[in-house]
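Have the sequence and the 3D view ready as you read.

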Amino acid sequence: MSRPGPEFHVISLFPEMFSPASLCGVTGKAVERGLVGLTAYQLRDFTGGSIHPVDDSPYGGGPGMLMKPEPVFAAVEQVSSTAPPGVSVLLTPQGRRFGQKAAARLADEKRVLLFCGRYEGVDERIRPLFDEELSIGDYVLSGGELAALVIIDAVTRLVPGALGSDESTSHESFSDGRLEYPQYTRPAVFRGEAVPDVLLSGNHAEIERWRREQSERRTRARRPDLVAGDRSGGVGRGEEPGDD
Ligand code: 6GU
C-alpha cells in the first residue's frame, strides 16, 4: 500500500542527525503514522572497506578535502535501486534556493533521496547522479544535514494528515506568497495591550478583510521582494531565481 507522502532516503556522514526528526514533533508523528518514510544511511558503509576514505585533497591544490566519487555513486545507486522511483537531490550551497513551491513539489514524490555534501565540497563528477541541487539560503553550513532536515520538515507538514485536524497550511506565511497576518489569543488585554476590536466582533467578513490587509501591509514592510511588481532588489512575487 502506498503512503500519502514521500519516503525520504538520506545519505550522510552523520546519519545520527536524523534520529530526532524520526522521533519528535510533526515529522516524528508522520513517520510513526506511516505518512512519510525516513531512512538515513552512513556514506562510509559504501566504501567497500574501512580503510577506504570518503574524502581526498583537490587536484590542482587548494584548501580542504573533497568527497570522493566512488562511495557517493555506490550509495546513491544502491539506495535508488531499492527505493521507489522519485527524485535525487544534492544538497549544496551552490544549489537553487529551496522554497515553499519546491516543498509542495517534493511532497508529491514517492521517494526523495537527499545527499548531504560535507567538507569543502564534492568531486564535480558526482553532479550527474542527481536530478537537482538545492540550497536553503545564502549562508554556508558545514554540511547538507541541516538543510536536509529543513526540507524534510517543510515537505512533511504538507502531506495530508501530517498536521492535526485543526491545523492547516493554507493560511500560513508563503502559502500564497504573503506573510501571515498577526494573531492573538487570551487574555484580551495583556500588559495594557488590547487585542484589536475587530477580532472580538464576531463579524467574519470584517475579520477576513482585516487579516488580508494586515497580511499585505506586513509583507510590504518586511518582505518587499515578495510583492508583485517590486523590483527593488528582489525579483518579485516571491520568486527567487531558483525558488520553484
Ligand atoms: Cl544545502 N549545504 C551547505 N553546506 N550549506 C548551505 C546549504 C546546503 N544551504 C544553505 N547553506
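## Contacts with the ligand

A nitrogen atom of the ligand lies 2.9 Å from a backbone N or O atom of Leu-141. The protein covers 97% of the 290 Å² of accessible area that the ligand has on its own (areas come from the Shrake-Rupley method with a 1.4 Å probe). Tyr-139 also brings a backbone N or O atom to 2.5 Å from a ligand nitrogen, and a polar backbone atom of Ile-136 is 2.9 Å from a nitrogen atom of the ligand.

## About the model

This is a predicted model, where local features need pLDDT of at least 70, side-chain atom pairs count only at pLDDT 80 or more, and totals for chains, interfaces and linings use all residues. Residues are numbered from 1 along each chain as its sequence is written, and side-chain values use heavy atoms, leaving out hydrogens and water.

## The shell around the ligand

Which kinds of residue make up the shell? There are 8 nonpolar, 5 polar and no charged residues (Ala, Val, Leu, Ile, Met, Phe, Trp, Tyr, Cys and Pro count as nonpolar, Asp, Glu, Lys and Arg as charged, and the others, Gly among them, as polar). The largest share, 3 residues, comes from β5 (strands are DSSP runs of E, at least two residues, numbered from the N terminus).

## Two backbone details

Most residues other than glycine have a negative phi, and most peptide bonds are trans. Now find Arg-186 and Pro-187: a cis peptide bond joins them, with omega about 5 degrees. Arg-191, which is not a glycine, has a positive phi near 45 degrees.

Notes: Polar contact = N/O pair within 3.5 Å; in protein donor to acceptor, adjacent residues only side chain to side chain. Helix = DSSP H or I, 4+ residues; strand = E, 2+ residues; numbered from the N terminus.
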